[in-house]
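Me: I am new to this structure and would like to learn how to read its features. Could we go through the helices, the sheets and the charged pairs in turn?

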Amino acid sequence: MNKEFDVKSINIDFVIKLIDDQFPEYNNLPIKEVQEQGWDNRTYRIGTNKLIRLPSAEYYSIKIPKEQKYLPLIAPYLTTSISKPIKIGKPNSLYPFNFAIYEWIDGTSANLLKFNDKNLEMIATDLVNFLNELHSIDNLDGPAPGKHNGWGGADLQLFDKDTKNQIDKLSNVINKTKSLDLWRKAKNSKWNKKPVWIHGDFYFGNFLIKNNRLTGVIDFGGMAKGDPAKDLGIAWTFLKNRSREIFKNKIKYDLDTWIRAKGWVLWKATFELCKTKNKTSEYANSQKKIIKDILKDN
């Protein structure tokens, strides 16, 4: 059963108790909350060069052993810093899930920053370099897509029913005909080559930026070996204008792979839009803009 944990009970005092219990060697280090907490995990900085990440539910915690196993193996192939596991914590009476301590990477989460077009163009090149390196790792076995990563990198047909329902529910706010046409093309397209390593959650909240350059990529809970299309969705969810063109031109995938990338974006954007009550809110409008952009490019 996928238990959830009350994230409201996690605070600095809670983290201190957890560290005292399992990692007393760190109990003399200052603890600081990291700005802009996500839902999947709560993150705190330990001293100057470590962080602790606490999953908010059992589902997110099952990704931690995978990161512990594979991140040290793929890191040598990448020039961009990625999360480096240091220790794994075990469930106890205080906290019911696996958790982990990682090496700190200097930089600010991209979702806390504003970028002009020139900044995005530089970052787009960095993202291309990262994905080209990651997708080119060919001598390292890894897990196939599955429940552990939300089926990222798997066949889009798995999401067919949900996506059609989402599009139908949004017929008054998005172009239903064009959306269904794009989805049909995407789900009928297949990755017929060797599976490649993917990040699986290549979202700008997982990019660390310093001086308008990519300094790190974090949160590899969605990693697997599969279809790379999902990683390419960042072209529409983060990049725009010339930065989008730079990204698309420097990553050499065929038209079908780009269509599947749009399919992943359509599934996710319609999902987010469906669960957003206020369809005229800033967040809802951002999802509508994403959908409009992928339909325009279709």
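Reply: Begin with how an angle is taken: axes are lines fitted to C-alpha atoms, for helices over the stretch in contact, and angles run from 0 to 180 degrees between N-to-C directions. Keep in mind that this is a predicted model.

Me: How is a pair of packed helices described, and at what angle do α5 and α9 pack?

Reply: Two packed helices are described by the angle between their axes and the distance between the axes. For α5 and α9, the angle is about 50° and the axes are 9 Å apart. That makes α5 oblique to α9. Their crossing is left-handed.

Me: Which residues make the contact of α5 and α9?

Reply: From α5 come Thr 163, Gln 166, Ile 167 and Lys 169, and from α9 come Leu 266, Trp 267, Thr 270, Phe 271 and Cys 274. Sorted by class, the contact of α5 with α9 has five nonpolar residues, three polar and one charged.

Me: At what angle does α5 pack with α6?

Reply: Helix α5 covers residues 160–169, and its angle with α6 is about 170°, with the axes 10 Å apart. Angles over 145 degrees count as roughly antiparallel. That makes α5 roughly antiparallel to α6. On the α5 side the contact involves Asp 160, Thr 163, Lys 164, Ile 167 and Asp 168; on the α6 side, Lys 176, Ser 179, Leu 180, Trp 183 and Lys 187. The classes in the contact of α5 with α6 are three nonpolar, two polar and five charged.

Me: At what angle do the axes of α6 and α9 cross?

Reply: Helix α6 (residues 176–188) and helix α9 (residues 255–275) cross at roughly 125°, and their axes come within 8 Å. The two helices are therefore oblique to each other. The crossing of α6 and α9 is left-handed. Ser 179, Leu 182, Trp 183, Lys 185 and Ala 186 of α6 touch Ile 259, Arg 260, Lys 262, Gly 263, Leu 266 and Trp 267 of α9. Six nonpolar, two polar and three charged residues make up the contact of α6 with α9.

Me: Now the sheets. What is the general idea, and in what order do the strands of the five-stranded sheet stand?

Reply: In a regular strand the side chains alternate between the two faces of the sheet. Here, the open sheet of five strands has the order β1-β2-β3-β6-β5, with antiparallel pairing. At its edges are β1 (31–33) and β5 (85–89), each of which pairs on one side only. From one strand to the next, the twist averages 25°.

Me: How many bridges pair β2 with β3, and which residue of β3 is the partner of Arg 42?

Reply: Strand β2 (residues 41–46) and strand β3 (residues 50–55) are paired by six bridges in the antiparallel sense. The partner of Arg 42 is Leu 54 in β3. A helix also belongs to this picture: α3 (residues 64–74) lies across β3, β5 and β6 (99–103), and runs at about 160° to β5.

Me: What is the strand order in the sheet of four strands?

Reply: That open sheet runs β4-β10-β9-β7, and its pairing is mixed. The edges are β4 (81–82) and β7 (108–109); each has a single partner strand, so one side of each is left without a neighbour in the sheet.

Me: Do β4 and β10 run parallel or antiparallel?

Reply: They run parallel, and two bridges join β4 to β10 (residues 213–217). In these bridges, Ser 81 has Gly 216 of β10 as its partner, while Ile 82 stands opposite Val 217.

Me: How many bridges join β9 to β10?

Reply: Four, with the strands paired in the antiparallel sense. Leu 208 stands opposite Gly 216 in β10. The hairpin of β9 and β10 has two residues between the strands, and there Asn 211 takes a positive phi near 55°. Helix α4 (residues 117–135) lies across β4, β9 (207–210) and β10, at about 35° to β10.

Me: Last, the charged pairs. How many salt bridges does the structure hold?

Reply: Side chains of opposite charge can pair when their charged atoms come close. The structure holds 18 salt bridges. One of them joins the side chains of Lys 87 and Glu 25, at 3.3 Å from N to O. Lys 87 is in strand β5 and Glu 25 in the loop between α1 (12–22) and β1, so this pair ties together parts that are 62 residues apart in sequence.

How values were computed:
Residues numbered from 1 in each chain as written. Predicted model: local features only at pLDDT ≥ 70, side-chain atom pairs only at ≥ 80, totals over all residues. Heavy atoms only, no water. Parallel < 35°, antiparallel > 145°, perpendicular 65-115°, else oblique. Left-handed = near helix turned anticlockwise from the far one by under 90°. Contact = heavy atoms within 4.5 Å. Nonpolar A, V, L, I, M, F, W, Y, C, P; charged D, E, K, R; others polar. Pairing = 2+ DSSP bridges. Salt bridge = Lys/Arg side-chain N within 4 Å of Asp/Glu carboxyl O.
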